[in-house]
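Subject: Structure handover

Hi,

Here is the structure I promised to send over. My notes on it follow below.

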Amino acid sequence: MVSNPRGLFISFEGIDGAGKTTHIEGVVRLFKEQGREVVRTREPGGTPLAEQLRERVLSDDMDALTEALLVFAARRDHIQRVIEPALQRGAVVLSDRFTDATFAYQGAGRGFDLGVLNTLEQWVQQSGGGGDLIQPDLTFWFDLPPAVAAERLRDARVADRFEQEDVVFFERVAQGYADRMATAPQRIVRINAHQERHLVWQQITHRLVQKGWLAIMVANNFKLGA
Ligand code: TYD
């Protein structure tokens, strides 16, 4: 089953501490078990240049416009060198964050102009062959109350520039994700991340089966973290 000549592009979003990582790893394994080529990647990042920009964005002090320009510059390189070629090969691209993060963090979190972000999105996500903008086929938004996420992050490694922000910042970011979902309800799926891990996982596999991208047998036989 599951053939899509253009490949599939799925992104994973949410505030810091929402718990995307284990689930991304699970989805990687699910698609591999189905014989698909999987490209697991992240933003900002995914190419040598974009990873350098990531380091700067996560550690250097800068204003919201600079932040937005750098994440979009990284995204452009990532699309051209990794995402588009992979989709053309028919691979499944699984990205830890994409443009919704820019609308949520720089837009809602920092209060930066959404109109400018829309323009940058149009420029940067133009595909090489023209036509539609490059967008994920599906986006999982891990929705978790910011106070709970903050608690989960408290004992985590050294916090980067975003992780150091207060709960009020993450309340705005969470609202930014909700607003973004309202503009693309077909693409963005809200995952209730304030649940036990296996219940969060069930929501993900349910959606993949519903999309016709995952055989129900594979989903039922799969153990997360096994
Ligand atoms: P994150 O994805 O949480 O990685 P890790 O799990 O290694 O900490 O970190 C990336 C950070 O970058 C996150 O705080 C959100 C931020 N970010 C933006 O502000 N704008 C963007 O466009 C993207 C892609 C990420």
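Val116 sits in helix 5, which covers residues 114–124. Keep in mind that this is a predicted model. Val116 has 33% relative accessibility, so it counts as partly exposed; the buried class needs under 20%, the exposed class over 50%. Together with Leu65 and Leu69, Val116 makes a nonpolar surface patch of about 220 Å².

Now the interior. In general, nonpolar side chains of soluble globular proteins tend to be buried together. Here, the largest nonpolar core has 45 residues. Its members with the most contacts to other members are Ile10, Phe31, Tyr105, Phe140, Phe142 and Leu208. A second core is separate and has 19 residues, among them Val82, Ile83, Phe103 and Leu117.

Take Leu208 from the largest core.

Next, strand 1, residues 8–14. Because 7 of its 7 residues are buried, strand 1 is largely enclosed by the rest of the structure. In a regular strand, side chains alternate between the two faces of the sheet. Both faces of strand 1 are covered. Leu8, Ile10, Phe12 and Gly14 are buried on one side. Phe9, Ser11 and Glu13 are buried on the other.

Which strands pair with strand 1? Strand 3 (residues 92–96) does, in the parallel sense, over 5 bridges. Leu8 has Val92 as its bridge partner there. Strand 4 (residues 138–143) also pairs with strand 1 in the parallel sense, over 5 bridges. In that pairing, Phe12 is bridged to Phe140.

Best wishes

Terms used: Residues numbered from 1 in each chain as written. Predicted model: local features only at pLDDT ≥ 70, side-chain atom pairs only at ≥ 80, totals over all residues. Heavy atoms only, no water. Patch = residues over 30% accessible without salt bridge, like charges linked within 9 Å, V, L, I, M, F, W, Y side chains within 5 Å. Areas by Shrake-Rupley, 256 points an atom, 1.4 Å probe, with all protein chains shown as cover. Salt bridge = Lys/Arg side-chain N within 4 Å of Asp/Glu carboxyl O. Helix = DSSP H or I, 4+ residues; strand = E, 2+ residues; numbered from the N terminus. Buried < 20%, exposed > 50% of the residue type's maximum accessible area, 1.4 Å probe, protein only. Core = buried A, V, L, I, M, F, W, Y, C linked by side-chain atoms within 4.5 Å. Pairing = 2+ DSSP bridges.
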